[in-house]
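Please look through the sequence and the 3D structure shown here before reading on. The notes after it are meant to be read side by side with the picture.

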Amino acid sequence: MKKLSIRDCDVKGKRVLTRVDFNVPLDSDRVITDDTRIIESLPTVRDIVDRGGRLILMSHLGRPRGQKNPELSLAPVAARLAELVKNPLRFAHDCVGDEVRQRVAAMKDGDILLLENLRFHAGEEENSPAFSKELASLGDIYVNDAFGTAHRAHTSTVGVTEYIPTRAAGLLMEKELKALGEALNNPARPFVAVLGGAKIAGKIDLIKSLLERVDALLVGGGMMYTFFKASGLEVGKSIVDEKYLAMCKELLAKTRPGRGRLLLPVDTIVAQEIDDNAPAREVSIADIPEDWIGLDIGPKTVDLFRAQIAGAKTVFWNGPMGVFEKPSFAEGTKAVARAIADATDRGAKTIVGGGDSVAAINLMGIANRFTHISTGGGASLEFMEGRTLPGIEALCDVAEVAG
Ligand code: AMP
């Protein structure tokens, strides 16, 4: 169902309560080390204030667990945002209460007010009705532009929406829904998904769900060794999650080597320590020596994966192929990143999600060669699983508004 966009709302003179994701990394001096999330919010911020909306921004930062914590104040974000927008911007030292109400009442069209960290109140994560009601009283229109938190039913993503009849997607949220929605519901085929990372627990549901929908699912990263072990191979000291052996076995039974949709690596890089200086070897997955650790996909697997990606018209990628933080074990991740970037150049729609994959392509300087880089790690995984995200469900459907 298409969601109402902020572009379709008349915001002039209205108080537009907008959930953004300003959860930026700060160093020990509370200096913002990466302002990407602030920059990403600018199209929505500008759209609202340029049309005379009174913009009230709210976000969380870190995990203060319901306590006021000056180290997690959004004040540095307010300062950075003020440098980026020309409209008058104020910062409130709380997100509810008298000071906030007074500041909101004093706002003029085009003004911006950034509220203090929502998670200084336990009510935010508890989705408390009292906190929801108080926060909701600040806005005439609700906008959610924080895709990365849309999978959480918190006050600022769900609770407040009970009290505000007009609930729209911001421009960044809209971009996410369009790119991911197309891959989920109507992908140009062949549709190839590439999944990596260490923790199989966080991705097993996605693996099951994608297997029903993709033309090929390529699995690398630490997760692959649980599959190998499940198929009876020795994996040495590689990471294995015993809890998922039975499930992996079940999934493997549905595919045959070299056939079917689930494609696993055929070789791997092994070392005796997770250390750049440790001697590393390429071995077939059937020959992982005892006491050695599998830390990356091998060159034959890179060729296999590259061929699949080269033929794809849609690619979804989440998770590194190996311990990419160490240059000795980063080649697989880099090769996959390059193959996907090449696919974009040939006209495929390519989507990357998850902090590690995005970090890898940023390090390689090729972030501009992907169709869409999702701002939501966990949220993009749940979305691609086909699950309903509470923060998205809470927005108005276009049909609902038209009717
Ligand atoms: P995840 O949080 O599950 O997405 O996993 C990301 C992490 O997986 C990264 O920090 C990688 O270093 C790690 N990783 C990838 N491949 C392996 C592997 N073969 N063994 C251990 N960790 C891995």
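What follows is a briefing on one residue and on the surroundings of the ligand.

This is a predicted model, in which local features need pLDDT of at least 70 and side-chain atom pairs count only at pLDDT 80 or more, while totals for chains, interfaces and linings use all residues. Residues are numbered from 1 along each chain as its sequence is written, and side-chain values use heavy atoms, with hydrogens and water left out.

**Residue T350**

- T350 lies in strand β14, which covers residues 349-353 (a strand is a DSSP run of E with at least two residues, numbered from the N terminus).
- The relative accessible area of T350 is 0%, and T350 is therefore buried, a word that means under 20% relative accessible area with a 1.4 Å probe and protein chains only.
- The side chain of T350 forms a polar contact of 2.8 Å with the side chain of T344 (a pair of N or O atoms within 3.5 Å; within protein, one must be able to donate a hydrogen and the other to accept it, and residues adjacent in sequence count only if both atoms are side-chain atoms).

**Around the ligand**

- There are 15 residues around the ligand, and A198, K199, G294, E325 and D356 come nearest, where near means that a heavy atom of the residue lies within 4 Å.
- An oxygen atom of the ligand is 2.5 Å from an N or O atom in the side chain of E325.
- A nitrogen atom of the ligand is 3.0 Å from a polar backbone atom of G294.

Note on methods. Helix = DSSP H or I, 4+ residues; strand = E, 2+ residues; numbered from the N terminus. Buried < 20%, exposed > 50% of the residue type's maximum accessible area, 1.4 Å probe, protein only.
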